[in-house]
Amino acid sequence: LRSQIMIQYHRRNMISRLQPVLYLLFVLACFLEESSSLNLSKDPFMERRNFIIRNSFATLATTTTASTCIGCSSSLAADVVKSRTDGYAVHHTENEWAELLSRQQYNILRRGMTERQKSSILDTYTSDQVGTYICAACRTPLFDSSAKFSSGTGWPSFASALAGVEVEKTRKEVRCGACGGHLGDIFNDGWKFLGTQASKTGQRYCIDGSAIIFQPKDGGVDVAGDQRPPSKVIQYEPEKFKA
């Protein structure tokens, strides 16, 4: 009984120490959300950065609260990010995925990371390259080349998706519907890109190039997105992005 009392005491003490940190995270997340709603930044690159930060803060706050509160179910923290394995048709162990994919592909598809801006050769592709963009992990068709447009963000962008794409509602995360692999994020700012298909659909699928492969319609050689673009077209913007 004494040990249980001590455990409860330490848990309460931990929560009291975490409250100021969680409050600051909440305030910062609210600020970023308000900035987005007021359209203070029209730069799609900055919007994706803020989107990633907001989701990171929300996940951290929820996970920390769920793991420290007394009597809370530990499943709350696990539900923050939907499993990339359960419920999907294509299954492999993480060790098998690590063997099947390149390091960059694995980090994005299985770990949900984000590639560096303008680091994929597929960012330089346009709708002129006719074909289909498929999942790098399971080769499920994801995007048609007719939906691709130049967003200027540094990541391959599409105005619409094929049936193989899944959108995780709570986090607006784009996944492969067959294997659960992380592909990128979806934004409802397509109206900003006048003259493109996105202005008609109102959506922008912001995709990590390393998560996909371009399959030419004419039967040519597939192009994996984890390849770097030609040096003559790569233009990093260090003032906006730091490695």
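Rings of Phe, Tyr and Trp (its six-membered ring) pair if their centres lie within 6.5 Å; planes under 30 degrees apart count as stacked, over 60 as edge-to-face, and the rest as tilted. Keep that in mind for the ring cluster below.

**Before you start.** This is a predicted model, where local features need pLDDT of at least 70 and side-chain atom pairs count only at pLDDT 80 or more, while totals for chains, interfaces and linings use all residues. Residues are numbered from 1 along each chain as its sequence is written, and side-chain values use heavy atoms, with hydrogens and water left out.

**Whole chain.** Colour by pLDDT, the predictor's confidence in each residue, from 0 to 100. The average is 78, and 62% of the residues score at least 70. Select residues 36-41: pLDDT is below 50 there, and the stretch has eight contacts (heavy atoms within 4.5 Å) beyond near neighbours in sequence. Next, select residues 61-79. Here pLDDT stays under 50, and the model has 21 contacts beyond four places in sequence. Where pLDDT is low, the predicted coordinates should not be read in detail.

Switch to cartoon. The chain has six helices and ten strands. These are DSSP runs (helices H or I, at least four residues; strands E, at least two), numbered from the N terminus. Of the 243 residues, 40% are buried. Buried means under 20% relative accessible area, exposed over 50%, and partly exposed in between (1.4 Å probe, protein chains only).

**The sheet.** Find the open sheet of four strands, in the order β2-β1-β9-β10, with antiparallel pairing. Strands pair if DSSP finds at least two bridges between them. Select 141-144 (β2) and 223-224 (β10): these strands stand at the edges with a single partner each, so one side of each has no neighbour in the sheet. Now select β1 (residues 131-135) and β9 (residues 212-216). Five bridges join these antiparallel strands. Look at C135, which stands opposite I212 in β9.

**The rings.** Show side chains for Y125, Y133, F143, F158, Y205 and F214; ring pairs link them into a cluster. The structure holds six aromatic pairs. Zoom in on Y133 and F214, a tilted pair at 5.0 Å centre to centre, with 50 degrees between the planes. Y133 lies in β1 and F214 in β9, so the pair ties together parts 81 residues apart in sequence. Y133 is buried, at 0% relative accessibility. F214 is buried too, with a relative accessible area of 4%.

**Last stop.** Select K148 and F158. The charged end of K148 sits over the ring of F158, 5.9 Å from its centre. The test is NZ of Lys or CZ of Arg within 6 Å of the ring centre and within 35 degrees of the ring normal.
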